[in-house]
Amino acid sequence: GETQSALARALADMAREDILAQVANLPLQDNMMRSAPFASARDRPAPASARFSCTITRSDPQAMAQEAEYLQRTIGASAFKIKTGQGYATDAAALDAIRRAVGNEPFLSADSNSAGPPEITGQMAEMLASHDVGWFEDPCRLQPDASFTVIAKASAVPVLVDNACRSLLAAKTFLSLGARGLSIKIMKTGISESLAIAHAAAEHRAQVTMGICASTSLSAIYSLALFAGLPPELQAMPCEETFFINVADDIMRNPLIFEDGALILPAAGTLADQIDWTKVEQLSISQFQSD
């Protein structure tokens, strides 16, 4: 199916980028930056880290605030994507509680996952703007047609397109309709097409972010590396690929390091050397036994 095809393409792209980086003896983000279609990127020093954002899922407003404060305190999170879509009153209460918990300095974005009706986008956006929210992702079901322009103009916060943007063609269509931000997910569009989408955004003076793929730290490295290699002016907000912090165990020998709101990226060398293959074997045996 389409999902399996996209995943297979993403995995092939990951393997290709890993091989190319090893041949060049460069970190992934350095090699991606040198091969990316951004002239300014090739002239910059290779980044050693990537700024990250943590997703705060829908829950009781106080529970959401407690989670944000915990992530700020324990891993130094300084950017959060707040899952809205629980109704105007609950969403407003959640934003109030989160701002009180983490302060005014952290960057906030909101994501309704297409849950809201189009007619309340304007009211929701005004509430988000009052809480200094930088982006409104999928405020309602977005379509690549004239209706998007109406929705985007009604929003006091720039609209970020996610679920409806799963190809370069869709990205170009939304950009032609005035989209100011796109969410890229390499598990959906691979690395090559993701870079092409980012380049199209740059040509339209729009921005992109790397969306969460609910992955382990190993696959998150590719999203973080791609994001880190993009020109800073193209980055809408910090990379969302931090789901791995919720995983009880990992196959990497050493966990990724959080530092000052960023994740330190691996140095040059094969990522295979950083995998605990004993854990991989155990997972394989467990899967076989469960079958």
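The axes are lines fitted to C-alpha atoms, for helices over the stretch in contact, and the angles run from 0 to 180 degrees between N-to-C directions. The model on screen is predicted, so local features need pLDDT of at least 70 and side-chain atom pairs count only at pLDDT 80 or more, while totals for chains, interfaces and linings use all residues. Residues are numbered from 1 along each chain as its sequence is written, and side-chain values use heavy atoms, with hydrogens and water left out.

**Stop 1: H2 and H10**

Select residues 28-35, which form helix H2, and residues 217-229, which form helix H10. Helices (H or I, at least four residues) and strands (E, at least two) are DSSP runs, numbered from the N terminus. The two axes come within 8 Å and cross at roughly 50°. H2 and H10 are therefore oblique to each other. The crossing of H2 past H10 is right-handed; a crossing is left-handed if the near helix is turned anticlockwise from the far one by less than a right angle, and right-handed if clockwise.

Now show the side chains where they meet. From H2, pick Leu 28, Gln 29, Met 32 and Met 33; from H10, pick Ile 221, Tyr 222, Ala 225, Leu 226, Ala 228 and Gly 229. Contact means heavy atoms within 4.5 Å. Eight residues of this contact are nonpolar, two are polar and none is charged. In this scheme Ala, Val, Leu, Ile, Met, Phe, Trp, Tyr, Cys and Pro count as nonpolar, Asp, Glu, Lys and Arg as charged, and the others, Gly among them, as polar.

An α-helix has 3.6 residues a turn, so residues three or four places apart point the same way.

How many of the eight residues of H2 are buried? Six are, and H2 is mostly covered. Colour Leu 28, Gln 29, Asp 30, Asn 31, Met 32 and Met 33 to see these buried residues. Buried means under 20% relative accessible area, exposed over 50%, and partly exposed in between (1.4 Å probe, protein chains only).

**Stop 2: H9 against H10**

H9 and H10 pack at an angle of about 40°, with their axes 11 Å apart. Their crossing is left-handed. Ile 186, Met 187, Ile 191, Ser 194 and Leu 195 of H9 make the contact with Ser 219, Tyr 222, Ser 223 and Leu 226 of H10.

Centre the view on Ser 219, in helix H10. Is Ser 219 buried or exposed? Its relative accessibility is 12%, so Ser 219 counts as buried. The side chain of Ser 219 reaches the backbone oxygen of Thr 216 at 3.3 Å. Leaving aside neighbours within four places in sequence, Ser 219 is in contact with Met 14, Ile 186 and Met 187.

**Stop 3: H8 beside H9**

H8 passes H9 in a right-handed crossing. Show Leu 168, Ala 171, Lys 172 and Leu 175 of H8, then Glu 193, Ala 196, Ile 197, Ala 200 and Ala 201 of H9, which make the contact. Seven of the residues in the contact of H8 with H9 are nonpolar, none is polar and two are charged.

**Stop 4**

Select Ala 77, in the loop between helix H4 (61-75) and strand S3 (79-83). Ala 77 counts as buried, at 3% relative accessibility. Apart from neighbours within four places in sequence, Ala 77 is in contact with Phe 52, Cys 54, Leu 71 and Gln 72.

Next, take Ser 114, in the loop between strand S4 (107-111) and helix H6 (121-130). Ser 114 has a positive phi of about 65° although it is not a glycine. Ser 114 is buried, with a relative accessible area of 18%.

Move to Asp 138, in the loop between strand S5 (133-137) and helix H7 (146-154). Asp 138 is not a glycine, yet has a positive phi of about 40°. Asp 138 counts as buried, at 1% relative accessibility.

Finish at Ser 155, in the loop between H7 and strand S6 (159-161). Ser 155 counts as buried at 12% relative accessibility. Not counting residues up to four places away in sequence, Ser 155 touches Thr 121, Ala 125 and Phe 136.

Methods
Angles under 35 degrees count as roughly parallel, over 145 as roughly antiparallel, 65 to 115 as roughly perpendicular and the rest as oblique. A polar contact is a pair of N or O atoms within 3.5 Å; within protein, one must be able to donate a hydrogen and the other to accept it, and residues adjacent in sequence count only if both atoms are side-chain atoms.
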